[in-house]
Structures are given as structure tokens and as C-alpha cells.
4 protein chains.
Amino acid sequence: MAARKTPPAPIRLGMVGGGEGAFIGAVHRWAAQLDRRYDLVAGALSATPAKARRSGQALGLAADRSYDDYAAMAAAEAARVDGIEAVAIVTPNHLHAPVAEAFIARGIHVICDKPLTASLATARRLAAAAKRRGVVFAVTHNYSAYPMVRQARQMVREGQLGAVRVVQVEYVQDWLAEPIERGGQKQAAWRTDPVQSGGGAIGDIGSHAWQLADFVVGEPVAEVAAQLSTFVAGRAVDDDVQMMLRWASGARGLLWASQVAPGHLNDLKLRVYGAKGGLEWSQRCPDQLLVTPLGEPTRILQRGTSAMKSDAARLSRLPGGHPEGYLEGFANLYGEIAEALVAARRGQPAPRGVQFPTVDDGLRGVQFIDAVQRSSKAGGRWTKVSS
Amino acid sequence: MAARKTPPAPIRLGMVGGGEGAFIGAVHRWAAQLDRRYDLVAGALSATPAKARRSGQALGLAADRSYDDYAAMAAAEAARVDGIEAVAIVTPNHLHAPVAEAFIARGIHVICDKPLTASLATARRLAAAAKRRGVVFAVTHNYSAYPMVRQARQMVREGQLGAVRVVQVEYVQDWLAEPIERGGQKQAAWRTDPVQSGGGAIGDIGSHAWQLADFVVGEPVAEVAAQLSTFVAGRAVDDDVQMMLRWASGARGLLWASQVAPGHLNDLKLRVYGAKGGLEWSQRCPDQLLVTPLGEPTRILQRGTSAMKSDAARLSRLPGGHPEGYLEGFANLYGEIAEALVAARRGQPAPRGVQFPTVDDGLRGVQFIDAVQRSSKAGGRWTKVSS
Amino acid sequence: MAARKTPPAPIRLGMVGGGEGAFIGAVHRWAAQLDRRYDLVAGALSATPAKARRSGQALGLAADRSYDDYAAMAAAEAARVDGIEAVAIVTPNHLHAPVAEAFIARGIHVICDKPLTASLATARRLAAAAKRRGVVFAVTHNYSAYPMVRQARQMVREGQLGAVRVVQVEYVQDWLAEPIERGGQKQAAWRTDPVQSGGGAIGDIGSHAWQLADFVVGEPVAEVAAQLSTFVAGRAVDDDVQMMLRWASGARGLLWASQVAPGHLNDLKLRVYGAKGGLEWSQRCPDQLLVTPLGEPTRILQRGTSAMKSDAARLSRLPGGHPEGYLEGFANLYGEIAEALVAARRGQPAPRGVQFPTVDDGLRGVQFIDAVQRSSKAGGRWTKVSS
Amino acid sequence: MAARKTPPAPIRLGMVGGGEGAFIGAVHRWAAQLDRRYDLVAGALSATPAKARRSGQALGLAADRSYDDYAAMAAAEAARVDGIEAVAIVTPNHLHAPVAEAFIARGIHVICDKPLTASLATARRLAAAAKRRGVVFAVTHNYSAYPMVRQARQMVREGQLGAVRVVQVEYVQDWLAEPIERGGQKQAAWRTDPVQSGGGAIGDIGSHAWQLADFVVGEPVAEVAAQLSTFVAGRAVDDDVQMMLRWASGARGLLWASQVAPGHLNDLKLRVYGAKGGLEWSQRCPDQLLVTPLGEPTRILQRGTSAMKSDAARLSRLPGGHPEGYLEGFANLYGEIAEALVAARRGQPAPRGVQFPTVDDGLRGVQFIDAVQRSSKAGGRWTKVSS
């Protein structure tokens, strides 16, 4: 909302999912709105008509643009002169593909929550559809838009760490340490239903951990050797994931994602070590990046200071020491996507430097999940991540 | 932006100050907008006509509601059926009073940056005016709206720390360690001009430190013994403030505010110790509150968990472990004010439990600054904070 | 050195290895001496006669008890009325067994650095010899004697975490990120010589990480799937170790040991998560243990407070807040061993509660190393740790 | 205990105070013994004969050198060929002077706990006596011998922070938050008896905080404005001390010492800010020093790395990442004193670079305490620290 010289008109945004009581839908709306680059003008916020209506009303949608059927929404919006330019999809994972395909078919751009789909075959089909139609398709791996994660990526890319040797990444929670899905907790219920989610910890948070490492290292994981565990009796999906990683360049690593580790609310942490230095970033202090040139003291790099490289500086809103958090990071991602959407109005690609996970990255994420699941089933055998 | 059942119409908001290049103006706009409870519809964003126009345009203001004169704005808006209900004042301190008075005179509510004014006499006059006219008048001591600061206040009030004995508060920065005001840095220039600011570190950040302690302790500081220092040669205001504090109840404390302490970007920290326990909050990790019952291990209380008391829970947006930061805290304050503004539409007081610093708190803040300045001039003599 | 009522006579201690320039020998001496429970009276501190002599002199050994041949030392000391009761072995790993066997054969107790030996066959032979002769045989996995590690073990054992689900352990350094062994760094030279060490990171620090987890979890690791890496070109041993772990009870874990991770001087860290709670200990703050009962705030347990359980309290020297470190922890281990040695004078077993790693634990450690090396060679296959 | 080429004979040490149940006596013994530079050969460990005897026996003193009267001890030891060269005085404060004077009179060197005495007049007398007789007289402000405190001092002295502007020092505990002295807690009893201690928090820990700042800043505090408080009803001494500080050079600061702050076991922390940089040291992580060159990221300097300056390197025992703690720091101080004592055998001054607080520093500490007490009594008036 900082003053800009020539602000383009806000992007007309629709949303599928995210009705009353949803978590990530509200997050997408905050993110879209923080910088006033989007107007939420339509939605199919729930498949339950009364709930869809109430939710739309609460968000100030015009009554005729509050739908209870995403297909109807796609058709109606495509037919309007002022129809939505992009749709944010925040449903359970198994619905991402059908919903996205309905909008892609109408030439409407897509902003899709992660993981891309609940199955690999569907992901391939969806990626092909998106590319065929040429729409902008973003997957909301929001952590890649924290300024200090961008800083980390740029430092690795510029060689300040030397050749990457070791990567340690973890995403750890404790909210599923007990079988709360049986008590009717909505967030837990669909996430632990393999049909809706396509996997447990691996899809929900493991995919974020993978993407964070993927983004910062700048080279895809080549092979995995994994063990998926289900510690809560009766749960139908994994709630803990541990694995070894290998990159083609020779880097090695470990990834841990867990939803059953008491003491961790939502701890995402990445450490990368190269021949010349190491770095550490943790969402607990997202404005901070620890960097150690080999043989020298560790530096605490802070967002909002002159230590920031171009990409971190571009996504930084506030002066250093004024903490930015999860919503700002998510809004940064929406801001990057907005650059692409505005450019798309003129038939142009996103401006140079703008970055967000695309449908291809989303597909790679599902390929990663698939490789992990296959490795675990095969007793932890080293398994190639297909590409 | 979470779905609500019956959202009241957004508050029509105007802004004075906050044009191109301003910092705190942009913050107020983000804060006002995060929850969609305000619409920024008018502004006198700069006293320079061309700049006011450009700034208004960039923010999407209608041309006829982008003013270059706050008095004209007050008159014009008061005359409109759809005129602003409240004005946010984000000018240098010495303009707070004349601007506020212009709007108060028209019955328009005021959201004013801190400190309330640059002099005590003016603060008294302004407070009297606001109360005479009966408008809602909020002062944006935003730190009091962090959820874990609310948690701290509630714990103290409920007696969980026992009688308060010692308070330690500090607000420390390093951006003025060199005379950057001479290099044309706009933020530094007005803050180090005693006419515009009314004081240096004491007004800019010392007042925040005072307010944080005041808010959490729940009892006003009675006396101060202070030393104001100017470490950068040629600077016309203090850039470091140190003082001893006394409360009528017997509590004692220290307050330090500095703008010349290398290593501190913007570190606000409060510690309160009572007969039965202690607590510590730092803006570095604003989602966290350290609490120690006497004789027991320290607990790390996290925002977004069941450890939160009612007031912290009410102002928490995201699940624990998803960091909230400065903008969310500021938006919380705007949310509290919105509750009062919506109630005022019906001639009612703010709902029970809603809290924000009022013009009286702003006046007390200026009284505190005044006492500190008098104590320092008098060689650190214990000086009563008038009330 | 605290006053005790009836202090037994100090244990007459000899040392093999640890001459001029050695690191771990000096540590053993500090540890032995801190509580005045040992007198160092004899040594074969180096195999180089002149160096052995100089080293012995510097340590105040009588000339006739400063040997340059451990076999001669064993014979001579066994023949003296005031001969050593125990020998500390601080040579490179491949010498542990022959040295220990020489002293065991004379009925002299052994305090041996880790890992027990450089090969599994040798470890088996040595363990058998020690048990046949009935000597006290301690392996100096010193980290298990930090008070807060004892606290962790006791909490797990008492069921405060519930059934253990996940274990994360790491021991990370950066001192071998470059090939300093080629520059004549003595510590690096023997540690990277497979003949002397029997392995690189896995033996040197991986074995400590394993033992820490083993000690706290209280159940042996059943299977490993590992990747050993050598990142420094030309190095003859591994300098980074990553693996997945399985326990028979169903617990799962990851272990990472590295000597090439810039930013880590010597970071040993253990995290254990059970059905009812989690804990975290790090050598960076060894006096502190983070404990989280599921659903409650994390507690910071401090050494020297009433939160300590019996075993932690027994090994705590100083009041809380007076940091104890590496030497105190090592001395605690020497103290535990002293209890056993004093009891052995009377032909009795160590007092109840006294704990230190024995030759059996040392053997298990070598079995672990062996399983890791076999798993890595077999492409990361899950491999049973023999027992 | 590291190997040295030509180790001088250990210093023959006596001790007055420190019998059964004492805390600081045991610390002195650990410190004296860690590096084998002292032999404890005589003591008057208690004024109660039976207790003195038992304590001496437990420590292995010869029966004829375990006294129950310090004057008798001074006489007897002075008469022996192998009599003590130095005495460690670890009695309550009010006995420091008479005990020290008895040994000084015999030409025996003194190692005296802090504060030097319980009154200023006594301190002056004692300092004069010590200088007249020319003995080595050390005061055990042990915190000044932590390697990273030495590092801090050297950085300030070498100008790396520029001219010092602001100093923040605090020493905070919670063990006296309740009136435990009434329950027979021995440590609490004498410390809260004004006759034995000469002051409460100000003498016990305030003097350490002062000395730490004094040592690192390298310039004496010129003036204080203080408030001493007694929060526990019925307590005869202060249990909380807060003050403003001024240095002649223009530096300003705050000092806080408290024994009633729940959550703080023993937290000593110093922060120094100059025109060119800032630093922070905390006993919680004594191996670490945070250093921020103005405008650059904060560096985490670690003990045992190449970042250490000469003085820190000289007092470092273990490689970085192997935590050293309170005892090692205390032993460092004993080591520094040993250098002076060994030199004194040859009638020479301590070697260049060796540093420890002398009787003059002890006197300055008592002058500081006296000024603080006078300022507090005078309503916080700025009061010169006499010199």
C-alpha cells in the first residue's frame, strides 16, 4: 500500500474454497489484499449453498458473484466483461485439479495452494493443460517469498557458499500428536484423509520443506531414501517423514517433516553448507539469516538493512527491526504473481527477476512426494525423483 | 479478513500526512486495510500540492478528495454525505494538534500518531478539545496491540506476578549513530528538529517504551529521574535517554531509549518482575512471552496456543508458529479503534474489552516526556509526572 | 573438591598417550583432577622417548614412572606396591585395544577414549578380555555425564515423554571443511587416517551422537540406513554422515554428523519426542533442557534448580546460573568412574545409580559404526546393528 | 593441566573460611586446583573448632595445618619453612580486612573475595597496609577473567568501538525474592546481615556488575545517581539496586542488580556502545561475544576461534564449541594471580599482560558502593565516586 507512481488497476480475483472456518482461504485473502493489488470480486467459497452465500456476504461479494459451484462460477465469470482475471484455489488437495482445469479452460489464470494435486497422474495432466492454454499458474509455496529466503537463494546462486555440500531442512509441528481428526477438527480431518490430501505430513508440510530447499539450493533433488511413519494409531496417512536426499551435483541432505513432535508449533528451518560457507534460516525469526563464511564468525543478517541483496530488498516492506511475518511473506508471493498477471494483460511475460513457483514446480513437488512414497514402500531404497 | 457474520460497512477514513516517501503513513494504511474495516477515501497527504496530488493518485483517491490543505479537507469532508468518519494524522509531531483540532471541530474522529503533541501546553489544549466535542480519539501506540503484550497485561492484572516490584523497559536503535540528518535523510531530519518533534529519542521511542510499561503494569509512573544525552555532535535533540522510574505502589524501574546503540535496529523490550513471578517480552520475537512463576522453570508462551488469555486470543489472527509481526500488531490497534468507531455510529461507547490509547493516554505521554525533560535539566532530580 | 566427610584416598592413575600438544589427554587430566579423586602418577605419554620424558616432567611425574613404552609401563606398575590402579588411554583409536589389553592382563582398570577400537573384530576381542579379567572398563562418552543429559534420560525413563516416537541427533563441526590434514595439523592427521581412526566423522563424532541418543532413549538403535560422504577431495575417510534410524519399539530418527559444516564449531544436539512430550538439549547451552509437555508451553529447565531430578542433581556442582561446561561434564564422568574404582578396591560393584559407558557400550558403539559403514557401502540399505 | 615445559613449583596456598557447606570456598579450591598451580596445604576453614577440623580432614590438610584461628594460622605458617605463600580469604565480607591484615603483616600474599571490605574506612586502611608491605593482593572479581570479557576489553581499548557512549550492565538473580534468610539459609543469612555484608545486592552482585563495566570500559565511573530498594519486607539490606552512571569521558549508563527478579538465576550481562560499534556479553553464553560494527551485521564471536585477540586466546583452554564455564573463568583468574605470585618469588612484578583486580581495584569497588549508598540516601542525587 506504499505510494506507487502508476499503480495498475487491481486484479479481479475469484476464490474457490475458503469459506467460513477455513484457515488458508483467509490467509490468501489477507495476502491478496495487503498491497491492494487484487480485488476479491467473486467466489465459490463452499460447496454447501447456504454456507457459500453466508461466506460471500461476509466478504462483501455481490450476491450474483457468490457461487456454490465452481464450474458455474468459471462459466459465469468468463462471460462477464468485468469477470475475474485469476482464481485462487484453496480447497482440499484432490479438488485442485478439477477446479483449476475448469478455469484454465476459460483462460482464467490460477493461483493454487500446494501440493499441486493429490496424485502424480493428475498433476501431469494439470500441468499439461495449464501450459497448453498458456495461463499464468502459480503454486503458493509462500515460504519462498520471505525476503531472507530470497537472500539465501541469491547468496547460494552467487557462489558465496561455494559448492553446496550438505542441506538440512525440517518442518515440524505437534498439532497431530493425538488423533484430533476423530474429534471433528476440520483442518485435521481432510488432511488425514488420503483421498482428499494424497498424503499426510509429506504432502502438507514435507512438500514445503522440499520446496524451500529446492528454491534456495537452486538444483533439484535427484534421489531420496525415505521412511514415512504413522505414529498415531488408526491414522490413515503418514504423520512423520524422514529421508536422506541426494543432488546430482554431489550435495547430500536430510529432510524431516513431522506433525507429532511436541514443542514445535510450526517450525520450518533450512540450513545449507557449502565449501566456503554456511547459512541458516528459521521461520521462528524469519527476518534473520545466519551466514558463516568458513573460518569467520557467524553474521546475523537482518532484513531491512544494507546487508540485503537485491531480491531480499525488493520484497522488504518495513525498516529493519520491525518484524515482518507469515502474512507479509505470503503477500510477497501474491505480489510477485501480480506482476505476472499485470504483464499478462499486455500479453507479456512476468518482468525479469519476478519469481514464484509455477505449475512446473508444483508438478515437481508431486513427483517428489511420489518418489518419497515409493521409496518408503520399498524399504527406504534410493529412488529417483522423476522429471 | 476472516469471514464475519455481519460485517459493518467499512469506516470512511481520511489521512493527513503520509505522502510519497513517508514511512509511518504507509504503515497506517496497511494497518487500516489488513482487515478491510476501513476505506481510505480522502487525504491531504502533503502540503506540497503536486506531491499531494501524485500521492493521492497513487493511492487511488478520487481527485476531488485529494487535498493539499488539511483545513480545506476537514471542511469539505464534513460537508459531504459520504465524508470521512475518521482521520489518521501522520504528520510530524508539531502538526498533530492543529490538524486534529480542525477535524475535531467538525466532529470527525481522530487517529493520531504519537507522541500526541510536541509540547505539554498543546497536549492539554488538544485533550480538552477532544473531550469537549466527544469524538473518538486514538493515539497509535501500536505496541500495546501485540497479542502477547495483551497477554502480559492480563497476567499482571490478574495477579499472576504478584505485586509488581521491578520494571525494565528499553527501546533501542542505532540509525542515528551518525549525523545522517545532515545528509537529507527525511525521517531523521524532522525527528531531530526540536520544533517539529518536541524532543529526540525521548519523544520518538522513549514515549513508546513508557507506554508499553504503563500499559502492562497498569499503573502510571509517578516519578522519574533522568539523563538525556546528545552523543552526536551538533544534534539539536537528545539521542539517548536513561532514567529511573518510580510507581506510587512502590515498584521501581529503569527505562533506556537510544538511537545510537550499534547492533540494535529497533529493539523494544519489557521485563516485569513481581513478588510471585516475572515476565519478558521483546519485539524481536513478538509472538512469544517468557513467564517465570517464582521457583519454577521459565515457560515460553506462544501466541496462537491454548496458553493465551482472552485478550491475546481475541487479537490473534494466525495459528501458533505462523509469525505475526509489526503490521499485524498495528492492524490490531486499528481493529480496536474500528470497534469504537462502529459503536460511535450508534452513539455508543466501544464494546467492553476493546482497548486502545486515548487522548488522555496521549496527554499522559506528553506529561511523561515533559517530566523527563525537566528532570534531566535539573540534574536528574526526581520529578513528579503531573496528572 | 567440595568438602566430603570421609574422602577415600585418590585413585592412582596412569595415562597412555596425551603428551605435548595433545588435546584429549589434557582434557582427561583436567577431568581426573577437578575433584581430587585421582592422582596422576605414571604415564607413557608418547612413544617418542624424548617427548615422553619432557611431557612427564611437565606434568610432575616421577622420572622412573614416565615411560616411553606402554607394555613396560604395565609391567612395571603392576609390580609396584603403589602402582597405578587404573590407566587412561588417550591414544589414536587403533592403539586402544593393544594398550588396554596390556593393562587388563595385569588386572589394571581401564578408562578408554572412544570409539572403543578401530575395528569390530578388535572390539569384540577387547570386550571379552575385559570381562574375563573382571576389571572396571569405562569408555569416555563424556556427554552422557552432563547433568541435563542425565535429566533427559531420567525423564524419558520415568515416562514423562510417553512412548518415544522420534529422535533427532546431530553433532556438527566445520574444522575439516578444508584438507588441513595435509598441512600437518596433528589432530586432523590421525583422525583422517583410516588405519589409526577406523573411520572419519562416523567414529570421531558420529559415535558420540549415537551414544547420546542411546543413553537418553534407553533402548538400542536396531537398524540404520546411512550415507557416508567425503566432501574434501582426496580425504581417505568420511567427513559427513547422514542416516535414518529405527528402534525395535517403533521409534524412528535421523542422525547427522559432519566436520564440514561452516558455522558449527562443535554442536551436539539431541531432540526426543514422545507421545506425551518432547525435549531438546544442546551443548551450546549445556545447563539447559527444553521440555514441552504436549499441549503446554515449553519449559526451560535449568541445572541447579529444584526442577532437577535426582541424577542431574547428583552431578551438579554449582548453583544454577553459574555455567558448567565441557570440563565439568567430563569430570562428572571421571567421578562416576571413581565411584566404581573405589568400590572395586573392596571387590564391590559400583554403587547403585552410578552410571558410565562400559566396554559393552563401547562394543555396541563399534557395532553401530560397523553397521553404518556396511549400510552406506550397500547403497543405504537398512542394516541391523548386531548385538 | 596442559603440559608446560618448565612448570614452577605449585604455590603453597592457605584458606580462611570455606568450611563445610560453604559455596565460594569450594569454588576457590576448584579454581586454584584446576591447573595444578596451587597446593592447598593449610586452612582455618571455620571458626568452630570441630567444624574446622572436619573440613580440613575432608580436604586432606595435615592435622597440624588445619587451624581454627586465622591469627594462629598466620603466625604458624609464617614460621614454617614450607609455610603458605598466599592465603585465600573466603569469609563474610566484614572479616576480609582483619584476616587479610593478619597475613599481610607476615608478608603473606592475599587472594580476597569481593567486595574488599564491608566499609569504606576499612577498605582504605587495608589497601594502605597491603601497599606498605608490598604483598601481592588480588580481589576475586572472577568475571573479568572470562576469555570473551578479555576480548571485549581489548576491543574497546584498541578503539574498535570508537569512543564509548553508552554502557548497560546488569546482574540479576531471584533467589532472595522471598525472605529465605529467616529460614536458616546460610548463604542468605550473612548476605542480608548488614554488619557482615556491608550492603545487600549492591555489595554482593552490584559490585561485580560495576567491576565488569569498569574493566571493559577501561575508565572509572565518575558519578552515580542511585535508588536502592528493599522489596522483601523486614529485610535489613537492599535487594535491588538501580542507578544511572556517568563517566568523565562523557559516556553514560545504567546499572541494575537485583536478587528479587523471578526468572533470573544469575544473569550477568554487559553491553557497551561506542561511536563505531557495539558489543554484548552475557554469562548465559560466556564463550560468546556479540560484536556489531556500526552499519554492519552483528558477528557472533566465539571463544576458541581465530577471531580471538591475544588476551582472550591466552586464557582459552579448550577448542571452540567445547563450553567453558564459571569454574574455568575463576581458574583463569587464579592463573593470572599465580603468574604474579611466581614472579614475586623472585621479587619481580607480574609478567606484562597479566591482569587481575588488585587491592586498589577492591578499594575502588568499595568507593563505588559507598557512593551508591550515599546517592540513594540523598534521594538519588548525582554523587561522585571518590578516588
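Predicted model: local features only at pLDDT ≥ 70, side-chain atom pairs only at ≥ 80, totals over all residues.
Me: How are chain D and chain B related?
Reply: A rotation of 180° with 0.0 Å of shift along its axis puts chain D on chain B, with an RMSD of 0.0 Å. The two copies are therefore related as by a two-fold rotation axis.

Me: Which C-alpha of chain D is nearest the axis?
Reply: That of Arg381(D), 3.3 Å from the axis.

Me: And through what surface do the copies meet?
Reply: The same one, because 100% of the interface residues of chain D are also interface residues in chain B.

Me: Now chain B against chain A. How many residues are in contact?
Reply: 41 residues of chain B contact 40 residues of chain A. The area buried between the two chains is about 3,800 Å², and carbon and sulfur atoms give 66% of that.

Me: How many salt bridges and polar contacts between them?
Reply: The salt bridge count between chain B and chain A is 0. For polar contacts, 17 residue pairs turn up across that interface, counting pairs with both residues at pLDDT 80 or more.

Me: Which elements of chain B give two or more residues to that side?
Reply: Helix H1 (24-34), helix H2 (49-58) and helix H11 (326-345) of chain B. H1(B) gives the largest share, 6 residues. By type, the side of chain B that touches chain A has 22 nonpolar, 11 polar and 8 charged residues.

Me: What does Gln302(B) touch?
Reply: Leaving out residues up to four places away in sequence, Gln302(B) touches Leu265(A), Met148(B), Asp287(B), Gln288(B) and Met308(B). Gln302(B) sits in strand E13 of chain B.

Me: Buried or exposed?
Reply: Gln302(B) counts as buried, because its relative accessibility is 17% and the cut-off for buried is under 20%.

Me: Back to salt bridges. How many over all chains?
Reply: 116. One of them joins the side chains of Glu336(B) and Arg314(B), at 2.6 Å from N to O. Glu336(B) is in helix H11 and Arg314(B) in helix H10 of chain B, so the pair ties together parts 22 residues apart in sequence.

Me: How accessible are the two partners?
Reply: Glu336(B) is buried, at 2% relative accessible area, while Arg314(B) is partly exposed, at 38%.

Me: What does Asp311(D) pair with?
Reply: Arg150(D), in a salt bridge of 3.3 Å from N to O. Asp311(D) in helix H10 and Arg150(D) in helix H6 of chain D are 161 residues apart. Asp311(D) is buried at 10% relative accessible area, and Arg150(D) is buried at 1%.

Note on methods:
Residues numbered from 1 in each chain as written. Chains lettered and ligands numbered in written order. Heavy atoms only, no water. Least-squares fit on C-alpha atoms with pLDDT ≥ 70 in both. Contact = heavy atoms within 4.5 Å. Buried area = accessible area lost by both parts, 1.4 Å probe. Salt bridge = Lys/Arg side-chain N within 4 Å of Asp/Glu carboxyl O. Polar contact = N/O pair within 3.5 Å; in protein donor to acceptor, adjacent residues only side chain to side chain. Helix = DSSP H or I, 4+ residues; strand = E, 2+ residues; numbered from the N terminus. Nonpolar A, V, L, I, M, F, W, Y, C, P; charged D, E, K, R; others polar. Buried < 20%, exposed > 50% of the residue type's maximum accessible area, 1.4 Å probe, protein only.
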